[in-house]
Amino acid sequence: MSLTARDGRDWTPDYLTSIDAKKCIGCGRCFKVCGRGVMALKGINEDGELVDLDDDDEIEKKIMVLNDQGACIGCGACARVCPANCQVHVSAPAEAA
């Protein structure tokens, strides 16, 4: 799917589809630039389970996870600020002719 920006340039959205938990450093930069609630900061406990940050005192690591994937508009702001390159984005499928 190709869209048009306000000035007439072609633009193809790249939607966030996953976040690699092994690469993510939990810095929160992507969360801060996304005003749509697509991601959420979670903790990983000593058993490797995802937990809310306030639910467990034994958090080993913080990571970003997808919270509402359908809210992503494909702007790519999160990818531009990610220092760990841990996100996977997919272009919108082309429209049928």
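**View 1. Strand E4 and strand E6 are joined by 7 bridges.** In this predicted model, strand E4 covers residues 39-45 and runs antiparallel to E6.

**View 2. Three strands form an open sheet, in the order E5-E4-E6.** The pairing within this sheet of 3 strands is antiparallel. Strand E5 (50-51) and strand E6 (59-66) are its edge strands. Each of these two pairs on one side only.

**View 3. A salt bridge joins the side chains of Asp52 and Lys42.** The N to O distance is 2.4 Å. Asp52 counts as partly exposed, at 32% relative accessibility. Lys42 also counts as partly exposed, and its relative accessibility is 24%.

**View 4. The side chains of Arg9 and Asp7 meet in a salt bridge.** Here the distance from N to O is 2.8 Å. Arg9 has a relative accessible area of 58%, so this residue is exposed, the cut-off being over 50%. Asp7 is exposed as well, with a relative accessible area of 52%. The count of salt bridges in the model comes to 2.

Terms used: Residues are numbered from 1 along each chain as its sequence is written. This is a predicted model: local features need pLDDT of at least 70, side-chain atom pairs count only at pLDDT 80 or more; totals for chains, interfaces and linings use all residues. Side-chain values use heavy atoms; hydrogens and water are left out. Two strands pair if DSSP finds at least two bridges between them. Helices (H or I, at least four residues) and strands (E, at least two) are DSSP runs, numbered from the N terminus. A salt bridge is a side-chain nitrogen of Lys or Arg within 4 Å of a carboxyl oxygen of Asp or Glu. Buried means under 20% relative accessible area, exposed over 50%, partly exposed in between (1.4 Å probe, protein chains only).
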